[in-house]
Amino acid sequence: MGFKGKETVAYRSDSSRSKQLYEQGLKVLPGANSRHSVTMDPYPIYVSSGSGSRIIDVEGEERIDFINNMTSLVHGHAHPAIVEAVKKQLERGTAFAMPTEPELELASLLVERIDYIDKLRFCNSGTEAVMLAIKAARAFTGKHKIAKIEGAYHGTYDYAQVSEGPGPEEWGDPSEPVSAIEPSVAPSVKSDVIVMPWNDIQACASIIEKHRDELAAVLIDPLPAALGWIPPEPGFLESLREITRGYGILLISDEVISFRVSYNGALQEYGIKPDITALAKIIGGGFPVGAVGGSDEVMEVFDHRKGHKVHHGGTFNANPISMTAGLTAMKLMTPEAFDRLNEMGDHVRSRLNQLIARREAPAQITGKGSLFWLHLTDKKMENFRDFVSNGPEKSLFHSFSQEMLGHGIVYAGRGLSCLSTVMGQEELDAYVDAVDASLDAISF
Ligand SMILES: Cc1ncc(COP(=O)(O)O)c(C=O)c1O
């Protein structure tokens with residue numbers, strides 16, 4: 001039963017509105033969507049509205065949203081302060097080919113909070129932020145290759161997409177993974193992107209050493225979502241920083257999601273500073289956004305007064321709607337708000353761990369702060385290959401998430417879940433209860 005004692009399964013009926021909309025969608029959108037992350041078998045649940053932690057589907061059924069638009073809505077849906085601020089800005093105009101004050105205010109707030117960002121520039125997505133980070137690294141170092149972690153997702157810029165989710169037949173040697181591309185990427189990109197295994201510092205060190213004269217940057221996500229938030233082993237990130245610095249290779253930290261875990265940036269707790277950081281998601285307050293930031297020295301590549309080395313345009317960059325929403329959202333994210341969110345994350349992880357132990361279920365929890373992931377396997381996972389091979393069959397994820405949906409809980413893909421500041425005990429209890437009931441209904 002759902003969090004209000006009611007099963008939320010109307011979307012499954014033959015006459016469901018979601019089914020009808022999906023069929024209409026197939027006629028005008030390939031696969032009926034504009035974003036692969038919203039696909040679901042046999043069809044997705046169409047949403048009608050969202051408020052706070054709840055969303056209402058087109059059948060009129062309510063669920064608690066633990067996806068929050070892929071972690072971007074840190075204050076849930078239609079937060080009154082953000083709605084109010086955006087309404088005011090809407091009336092003043094939505095976009096100008098001139099700078100506005102909200103851009104400056106949001107930039108100042110982020111620069112003040114994140115110790116390793118002296119200057120930043122805005123764009124409209126995490127994909128663009130990572131792309132600009134890579135371009136800046138090339139322009140700054142005069143070198144052109146990058147290294148990235150096998151399986152890590154950094155958006156859809158060609159170079160960042162290499163080996164974003166390769167199949168086992170494409171993997172090659174675990175300590176020197178093959179660079180795999182999808183057919184949309186030019187084959188020449190393969191040789192410019194070197195792939196490294198997560199958490200294997202020896203392998204990374206020897207790969208970086210081998211390519212040291214050509215590498216502009218090493219791109220990492222401190223808490224890689226596409227690897228199910230398998231945490232970095234102690235010392236892994238610190239060693240990568242040391243090695244890259246030694247060879248004059250820049251370290252790019254993709255904190256598009258992981259900025260959620262800390263007021264001062266995801267790498268702050270490790271005591272290391274990346275040269276360039278990509279941000280997006282929560283800094284837009286629910287609107288399209290991205291930002292690339294770094295040291296004064298590196299960010300000079302964007303400065304027109306210095307004969308910029310990276311040409312950076314973008315019709316809607318730093319538009320005042322995204323900036324105003326982002327500024328309002330980030331102002332609400334005080335250190336106390338981060339602490340509370342992180343404590344709620346600890347609470348839910350601990351409850352889920354207790355539940356798994358009590359049930360002796362083959363499952364485990366990863367994640368940090370407000371990000372958590374229930375894996376339906378108890379096998380050890382240290383890297384992308386473990387994540388892919390040790391996980392259960394796709395059909396098991398599918399049955400489990402259908403059960404969770406029926407119990408009024410929305411979470412993403414293979415287990416990605418996150419909290420928002422408008423959640424409290426009721427939402428956490430509902431999640432844990434739904435997991436308990438859903439585990440009853442599936443067989444491993
Ligand atoms: C770590 C990471 N980097 C980059 C991106 C791309 O961001 P966007 O979807 O805003 O283009 C994502 C998106 O989920 C991400 O998780």
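These legends walk through several close-up views of a predicted model.

**View 1. Phe66 and Tyr431 meet edge-to-face.**
Let's begin with the aromatic rings, for which the count comes to 12 pairs. In one of them, Phe66 and Tyr431 sit 4.7 Å apart from centre to centre, with 65 degrees between their planes, which makes the pair edge-to-face. Phe66 belongs to the loop between strand S3 (62–65) and helix H2 (68–71), while Tyr431 belongs to helix H15 (residues 425–441), so this pair ties together parts of the chain that are 365 residues apart in sequence.

**View 2. Trp229 and Trp373 form another edge-to-face pair.**
Here the ring centres of Trp229 and Trp373 are 5.4 Å apart and the planes stand at 90 degrees, so the pair is edge-to-face. It links distant parts of the chain: Trp229 comes from the loop between strand S7 (215–220) and helix H9 (236–247), Trp373 comes from strand S12 (residues 371–375), and the two are 144 residues apart. Trp229 counts as buried at 1% relative accessibility. Trp373 counts as buried as well, at 5%.

**View 3. Two arginines lie over aromatic faces.**
Arg138 lies over the face of Tyr159, at 4.5 Å from the ring centre. Arg414 is placed over the face of Phe387, and here the distance to the ring centre is 3.8 Å.

Asp254 has a polar side-chain atom 2.6 Å from a nitrogen atom of the ligand. In the side chain of Lys281, an N or O atom is 2.8 Å from an oxygen atom of the ligand. How much of the ligand's accessible area does the protein cover? On its own the ligand has 390 Å² of accessible area, and the protein covers 81% of that.

**View 4. Ser53 contacts Arg54 from a loop.**
Ser53 is found in the loop between strand S1 (47–51) and strand S2 (54–57). Its relative accessible area is 5%, and Ser53 is therefore buried. The side chains of Ser53 and Arg54 make a polar contact, at 2.9 Å.

Why does Asn33 count as buried? Its relative accessibility is 13%, and the cut-off for buried is under 20%. For a sense of scale, the C-alpha atoms of Asn33 and Glu84 are separated by 30 Å, and these residues are 51 apart along the chain.

Key:
Residues are numbered from 1 along each chain as its sequence is written. This is a predicted model: local features need pLDDT of at least 70, side-chain atom pairs count only at pLDDT 80 or more; totals for chains, interfaces and linings use all residues. Side-chain values use heavy atoms; hydrogens and water are left out. Rings of Phe, Tyr and Trp (its six-membered ring) pair if their centres lie within 6.5 Å; planes under 30 degrees apart count as stacked, over 60 as edge-to-face and the rest as tilted. Helices (H or I, at least four residues) and strands (E, at least two) are DSSP runs, numbered from the N terminus. Buried means under 20% relative accessible area, exposed over 50%, partly exposed in between (1.4 Å probe, protein chains only). A charge sits over a ring if NZ of Lys or CZ of Arg is within 6 Å of the ring centre and within 35 degrees of the ring normal. A polar contact is a pair of N or O atoms within 3.5 Å; within protein, one must be able to donate a hydrogen and the other to accept it, and residues adjacent in sequence count only if both atoms are side-chain atoms. Accessible areas come from the Shrake-Rupley method with a 1.4 Å probe; for residues, only the protein chains shown count as cover.
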